[in-house]
Amino acid sequence: MRRWVIFFTERLYQMVNWKWVAVAVLVFAGFIAWVLPRQASLSESASGSGESPDSSLWYTSADLYRIAEIYGEEGRAHYIEARFTFDVIWPLVYLGFLTIALTAAYVFLSSGSRWRAVNLLPLGGWGFDWLENLGSSLVMYRYPARTPVIAEMTPIFTLIKWCLIYASFGALVVGIVLSVLHRLRKKRS
């Protein structure tokens, strides 16, 4: 496993350049500015509610069932469809942005440094996003039938997803600051 992580991490450091960063920033910004607001509007009109388990940091299985009830049959169908259309693309966008940006920010570290693997942190958020989507979609699909275990695990997947995504953004800020300081020190010497 460690060998695979080192290989993949180092491969990213070899490939990523300013063009990759520019494209990742433009695609991410485009999604934030145009696609996400449109999708939120579509979801709200289909479900009759602006509430979504995906955007909550924490909720319970009872909240998930309550949201399923509020959505109604049409809203639940839209929610499930969105998880396997829009919510396949959006996680790839933020995964690509964060991975590329983290790689660019931490490129100053020597190739032997363990900290270079921080560029793989967004993969965890992406994986838990998938688990969240599968779990919440199954609960919505089966509603009003109960889906024990899955309904209890899905909020945990959501919490872990958000923690890893926030940690990725935090690591990006730290990486940018450290990268700037590294360049300043390099110029002085």
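The model is predicted. Helices α2 and α4 pack against each other at an angle of about 145°. E132 is buried, while I160 is partly exposed.

**Helices α2 and α4**

- Two packed helices are described by the angle between their axes and by the distance between those axes.
- Helix α2 spans residues 18–47 and helix α4 spans residues 86–105; their axes lie 9 Å apart, at an angle of about 145°.
- The crossing of α2 past α4 is left-handed.
- On the α2 side, the contact is made by W20, V21, A24, V25, V27, F28, F31, I32, V35, L36 and Q39.
- On the α4 side, the contact is made by F86, I89, W90, V93, Y94, G96, F97, I100 and A104.
- Of the residues in this contact, 18 are nonpolar, 2 are polar and none is charged.

**E132 in helix α5**

- E132 belongs to helix α5, which covers residues 121–142.
- E132 counts as buried because its relative accessibility is 0%, and buried means under 20%.
- Leaving out residues up to four places away in sequence, E132 touches P53, D54, Y59, T154, F157, T158 and K161.
- The side chain of E132 makes a polar contact of 2.7 Å with the side chain of T158, and another of 3.2 Å with the side chain of K161.
- W58 is 74 residues from E132 in sequence, and the two C-alpha atoms are 12 Å apart.

**I160 in helix α6**

- I160 sits in helix α6, residues 150–188.
- With a relative accessible area of 28%, I160 is partly exposed.
- I160 and S47 are 113 residues apart along the chain, with 25 Å between their C-alpha atoms.

Definitions and conventions: Residues are numbered from 1 along each chain as its sequence is written. This is a predicted model: local features need pLDDT of at least 70, side-chain atom pairs count only at pLDDT 80 or more; totals for chains, interfaces and linings use all residues. Side-chain values use heavy atoms; hydrogens and water are left out. Axes are lines fitted to C-alpha atoms, for helices over the stretch in contact, and angles run from 0 to 180 degrees between N-to-C directions. Helices (H or I, at least four residues) and strands (E, at least two) are DSSP runs, numbered from the N terminus. A crossing is left-handed if the near helix is turned anticlockwise from the far one by less than a right angle, and right-handed if clockwise. Contact means heavy atoms within 4.5 Å. Ala, Val, Leu, Ile, Met, Phe, Trp, Tyr, Cys and Pro count as nonpolar, Asp, Glu, Lys and Arg as charged, and the others, Gly among them, as polar. Buried means under 20% relative accessible area, exposed over 50%, partly exposed in between (1.4 Å probe, protein chains only). A polar contact is a pair of N or O atoms within 3.5 Å; within protein, one must be able to donate a hydrogen and the other to accept it, and residues adjacent in sequence count only if both atoms are side-chain atoms.
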